[in-house]
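Here are some notes to read alongside the model.

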Amino acid sequence: MEERPPWDPEAWGSVEGRPAPRAARTGPSLSSVLNELPSAATLRYRGPGVLPWGSEEAEDEEAWRSMQTSADAALQEQPEPGASRELPWPMLARRAHRQRLARDRVAQGAGSTGAQWTRLIRRSKEKVREGLRSLQPWAWTLKRIGGQFGAGTESYFSLLRFLLLLNVLASVLTACMVLLPTWLEGTPPGPPAPNASSPCGSYNPGSHGLVPFATELFNLLSGEGFLEWSPLFYGFYPPRPHLAITYLCAAFAIGLLYLLLILHRSVSGLKQTLLAESEALTRYSHRVFSAWDFGLSGEVHVRLRQRLILYELQVELEEARVRRRAAVRTLGQQARLWSVRLLLNLVVLALLGAAFYGIYWATGATVGLQDKPLIQRTPVLKLVVDYLPSIFISLVNFVLPPVFKLIAPLEGYTRSRQIVFILLRTVSLRLVSLLVLLFSLWNEITCGGDAEDERCKTCGYNYKELPCWETRMGQEMYKLLLFDLLTGLAVILLYQFPRKLLCGLCPGALGRFARTQEFQVPDEVLGLIYAQTVVWVGSFFCPLLPLLNTVKFLLLFYLKKITLFSTCSPASRTFRASTVNFFFPLVLLLGLAISAVPVLYSIFLIPPSKLCGPFRGQSSIWVVIPASIRELPQTAQNVLFFLGTQAFAVPLLLISSILMAYTVALANSYGRLISELKRQIQTEAQNKVFLAQRAVALSSADRTL
């Protein structure tokens with residue numbers, strides 16, 4: 001028999017003659033071969049004191065010292081990182097690294113002044129970020145909801161908190177730019193006298209004489225009577241030049257604030273969505289190896305994090321099953337599926353068309369019924385007629401979304417895609433129904449756009465039926481907001497809680513019929529967006545509407561939280577939170593764009609009321625801005641008027657187009673670079689597998705010899 005050849009450390013790439021592990025001395029195993037491959041350089045990113053892949057804790061002292069020497073050499077070669085928390089090391093390794101850096105700083109001195117200022121600025125930024133995160137309300141509540149009911153339900157409450165912040169900021173701006181100037185220039189005058197008249201008719205808001213309590217209650221619900229001439233509505237504010245400017249500037253400032261904050265949220269959600277939908281992160285290994293937070297302390301936090309990871313894995317597995325079924329469909333099955341989708345979309349369009357026509361009819365019927373003597377004499381009937389459009393809109397929004405949820409699973413999409421389609425159809429129903437209502441009001445205010453009509457010829461609007469049309473618009477939005485709140489309270493108190501009691505007290509067939517209810521995220525989210533869109537439309541005509549919506553959302557948060565934990569169970573089917581985190585702000589942007597149309601149309605094209613509001617007597621609301629600019633110095637006038645000319649707009653458009661084209665080209669180049677790096681990673685992985693197989697084969701041949 002031949003003598004076994006001696007071990008040659010250079011044959012396996014040993015560095016500086018250091019001995020290999022004990023397992024390698026009797027024949028290299030697959031783990032030892034992997035440790036000798038170039039990929040073993042990732043040891044420097046695993047931190048000091050971490051055993052190599054495949055090594056055992058019982059390694060001899062010599063091998064352990066070899067590994068420690070290799071790790072220290074790797075750390076010396078690596079550039080000094082900025083912060084220990086950014087290193088992908090275990091907690092003990094990062095703590096040791098931080099202590100070593102502290103000792104080095106003490107030994108070497110404080111360093112230069114520039115380095116001190118850099119560290120001070122970095123620490124200040126970190127403290128500011130931590131302070132802002134600690135100021136976020138209900139952070140622990142949202143984490144608990146996400147752990148118990150999934151990230152989709154958590155995204156609803158996160159959106160509710162975001163909308164509450166928007167309304168608080170809008171309320172503060174309204175108080176500073178509208179309410180304060182109103183009283184700083186003197187006490188606002190009272191309503192017009194009952195016998196006062198003008199070429200545009202007369203306007204007598206409020207109630208006169210002794211008013212019964214029932215009438216006052218109905219006025220509170222409809223925004224009429226004592227509320228009609230109050231700071232709640234547009235008509236109350238006096239025609240003062242400075243107030244008119246601040247009133248209009250407040251509307252634009254609040255709209256710009258809304259736009260910037262929603263865009264910021266949309267961009268952050270888009271990053272998460274693109275990362276989740278792309279293949280940059282492996283769907284399962286990323287969550288298994290990288291989703292755990294090693295800084296958690298306490299059993300409650302650990303269990304919540306476990307549930308979150310479980311929900312995410314459920315989403316991935318369910319969507320993988322749907323994609324696997326879609327991949328094996330034949331051409332005939334694809335044709336049948338697309339035929340079913342086409343038929344279902346036609347049904348959805350028919351339902352939406354019927355709903356929109358019904359809303360248009362209800363709005364027109366309201367105008368006709370309000371002049372009936374019986375309606376005028378009966379406060380209850382008058383209240384029902386006033387709320388007829390709101391009742392019809394709420395009825396349609398209550399009936400059709402469940403139909404959309406029944407249709408969505410029949411289309412063969414993934415759960416996340418189903419949520420998107422349900423949201424699209426429901427948001428179309430809610431927002432377009434609001435547009436139909438606004439179109440009906442526009443038709444009533446402008447006489448159908450006919451300036452030669454007898455009702456609109458004198459003043460430019462229907463002054464006989466609507467002497468203060470801005471207040472009427474605010475009243476409609478006020479009624480929509482109030483009715484939406486009352487409907488939500490009725491559903492919680494009269495449906496959800498009794499259903500929970502019925503499910504718990506009746507173990508038989510009746511209890512199974514009631515069954516445990518789930519929190520319907522699409523319906524709830526669209527309810528928030530609809531309510532916020534109503535506020536955006538009505539805030540110009542009802543300045544205190546954001547404040548009312550703040551109170552409503554605050555009450556709604558606690559009611560929904562109590563309902564969620566007391567009556568709802570975790571969803572049986574979850575969906576990807578990253579998708580809705582981007583889609584929700586996108587729908588919010590759509591609602592903001594839709595609400596801007598009637599407000600801008602009213603500002604630029606419809607003449608303001610001649611008997612109420614800060615713009616009375618003007619040809620249009622926008623006229624006050626050019627008039628105020630003409631009072632400035634000539635240089636300021638020239639600059640501001642130049643900003644509105646084509647000489648400024650055309651170069652700005654060209655520069656913006658060039659920057660946009662450059663950004664798109666840069667993004668495409670980055671995308672190609674990322675694709676190339678991905679291909680290189682795949683090639684390196686194949687090389688590693690090949691080298692490992694070759695090494696094992698050589699080791700087996702060496703043993704036979």
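1. How many residues does helix H19 have, and how far does it reach from its first C-alpha to its last? In this predicted model, H19 runs over residues 521-538, which gives it 18 residues. Its reach is 26 Å, close to the 26 Å expected at 1.5 Å a residue.

2. Is H19 enclosed by the rest of the structure, or open to the outside? Burial settles the matter: 18 of the 18 residues of H19 are buried, so the helix is largely enclosed by the rest of the structure.

3. Now for the chain as a whole. It has 24 helices and two strands. Of its 705 residues, 38% count as buried. The chain exposes about 39300 Å², and carbon and sulfur atoms supply 65% of that area. If you look at contacts between residues at least 6 apart in sequence, 74% of them join residues at least 24 apart.

4. Which residues touch the most other members of the largest nonpolar core? They are Met477, Phe540 and Phe615, in a core of 68 residues. H17 gives the most, with eight residues.

5. Leaving out residues up to four places away in sequence, Met477 touches Leu434, Leu437, Leu438, Val534, Val537, Gly538 and Leu545. Apart from this core lies another, of 41 residues, with Ala531, Phe557, Phe583 and Leu592 among them.

6. Next, the cysteines. The count of disulfides comes to two. One of them joins Cys447 and Cys456, whose sulfur atoms are 1.8 Å apart. The torsion about this S-S bond is about 80°, so the disulfide is right-handed. Cys447 has 8% relative accessibility and counts as buried; Cys456 is buried too, with a relative accessible area of 2%.

7. Where in the chain do the partners Cys468 and Cys612 sit? Their disulfide has sulfur atoms 1.9 Å apart, and it links distant parts of the chain: Cys468 lies in the loop between H16 and H17, while Cys612 lies in the loop between H21 and H22, 144 residues apart. Both cysteines are buried. With a torsion of about 95° about the S-S bond, this disulfide is right-handed.

8. Is Cys542 buried or exposed? Its relative accessible area is 0%, so Cys542 is buried. Cys176, with a relative accessible area of 46%, is partly exposed.

9. The UniProt record, an unreviewed entry, places the feature "transmembrane region" at residues 162-184, 244-263, 342-362, 387-407, 477-495, 525-547, 583-606 and 648-670. Such annotations may be inferred rather than shown by experiment. In the model, the span 477-495 is 100% helix and 0% strand, with its end C-alpha atoms 26 Å apart. The span 583-606 is 92% helix and 0% strand, and its end C-alpha atoms lie 34 Å apart.

10. Helix H15 can be checked for its reach as well. It has 20 residues and reaches 29 Å from its first C-alpha to its last, close to the 28 Å expected at 1.5 Å a residue. Which of its residues are buried? They are Pro389, Ser390, Ile393, Ser394, Val396, Asn397, Leu400, Pro401, Phe404 and Ile407.

11. Please also look at His242, which is found in helix H9. At 55% relative accessibility, His242 counts as exposed, since the cut-off is over 50%.

12. Finally, what does Leu589 contact, leaving aside its neighbours within four places in sequence? Leu589, whose place is in helix H21, is in contact with Leu259, Ile262, Leu263 and Ser266. The C-alpha atoms of Leu589 and Thr533 are separated by 9.8 Å, and these residues are 56 apart along the chain.

Conventions
Residues numbered from 1 in each chain as written. Predicted model: local features only at pLDDT ≥ 70, side-chain atom pairs only at ≥ 80, totals over all residues. Heavy atoms only, no water. Helix = DSSP H or I, 4+ residues; strand = E, 2+ residues; numbered from the N terminus. Expected span 1.5 Å × (residues − 1). Buried < 20%, exposed > 50% of the residue type's maximum accessible area, 1.4 Å probe, protein only. Core = buried A, V, L, I, M, F, W, Y, C linked by side-chain atoms within 4.5 Å. Contact = heavy atoms within 4.5 Å. Areas by Shrake-Rupley, 256 points an atom, 1.4 Å probe, with all protein chains shown as cover. Disulfide = S-S within 2.5 Å.
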